[in-house]
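Subject: A structure for you to look at

Hello,

I am passing on the structure we talked about, and my notes follow below it. Please have a look at it first, then read on.

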Amino acid sequence: MAIVVDHESEYKGERKVRDAIAEHFSDDVVIYNNREVNGREYDICLLVKDVCVFIVEVKGWLADKIKVHGIDDIEVEGYAERQKSPKKQAKSYCIQYFTKMKKQFGKSPLVVGLVAYTFISKEQYYESNLNIISEEQFTLFKEDLDNQEKKKKKFQMAFD
C-alpha cells in the first residue's frame, strides 16, 4: 500500500482518487494532497521512488452538468464562472513543482501531469467533448479508478 502523508481531503472526488491510488500502489509511492508549491495548491501528488512525480488534477464534475465550449471555456452547473482547462492546471503545478525542486535541491525530476474525472466514464468523456481538454492517455476515468490494472496502465502510459 502507498504511503499517505496528509489528512483526507474535504472533497469526495479527491478522496476517491487518493484512496484508489493508495490501495493499489506499493510503499515506493508517497501520496500528498492539497499541498502548496510556490503559491499554487495541487490536488494530489505521487512521488514514485526512483521514477518520477505525478501531479493529478481532480475534477468531481458530472457529465450531464458540463458543457465544453473550448479548451479554457467549460460551463459547469453550480459554478458561477466558467472553468479553465484542468490539463493546463496540472501542467502549471508540474512546472511549479519542477522549479521548486531545481531551485531548492538542484534536482531535475520528471514531473507528469494527469487529470482525473472521478465521476465520468470514458464513454461520457467523449460524449461531453472533454477529449479536447485532456488527452485520453493523461486522463483517469471513473472505471480506471475502480480497476487496478487500468489504473496502473494509465500511469504507465502517462510516464511513457
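Predicted model: local features only at pLDDT ≥ 70, side-chain atom pairs only at ≥ 80, totals over all residues.

Along the principal axes, the C-alpha atoms fill a box of roughly 40 × 30 × 30 Å. Of the 160 residues, 46% are buried. If you count contacts with a separation of 6 or more, 53% of them are between residues 24 or more positions apart. As for charge, the chain has 26 positive and 28 negative charges, and their mean positions lie 4 Å apart.

Now to the secondary structure, where you will find five helices and 10 strands. Six of the strands form an open sheet with mixed pairing, and their order is β1-β2-β5-β6-β9-β10. The edges are taken by β1 (3-4) and β10 (139-140). Each of these has a single partner strand, so one side of each is left without a neighbour in the sheet. For β10, the pairing with β9 is parallel and rests on two bridges. In that pairing, Ala 116 stands opposite Leu 140 in β10.

There is also a hairpin to look for, in which two residues join β7 to β8. Strand β7 covers residues 66-70 and strand β8 covers residues 73-76; the two run antiparallel, with four bridges between them. Within the pair, Ile 66 has Val 76 of β8 opposite.

One residue I would like to point out is Thr 118, which sits in the loop between β9 (111-117) and α3 (122-127). Is Thr 118 buried or exposed? With a relative accessible area of 0%, Thr 118 is buried. Leaving aside residues up to four places away in sequence, which residues does Thr 118 touch? They are Gly 13, Lys 16, Val 17, Val 58, Lys 59, Lys 142 and Leu 145.

Enjoy exploring the model, and do write back with any questions.

Best wishes

Notes
Residues numbered from 1 in each chain as written. Heavy atoms only, no water. Buried < 20%, exposed > 50% of the residue type's maximum accessible area, 1.4 Å probe, protein only. Contact = heavy atoms within 4.5 Å. Lys, Arg positive; Asp, Glu negative; His and termini not counted. Charge placed at Lys NZ, Arg CZ, Asp CG, Glu CD. Pairing = 2+ DSSP bridges.
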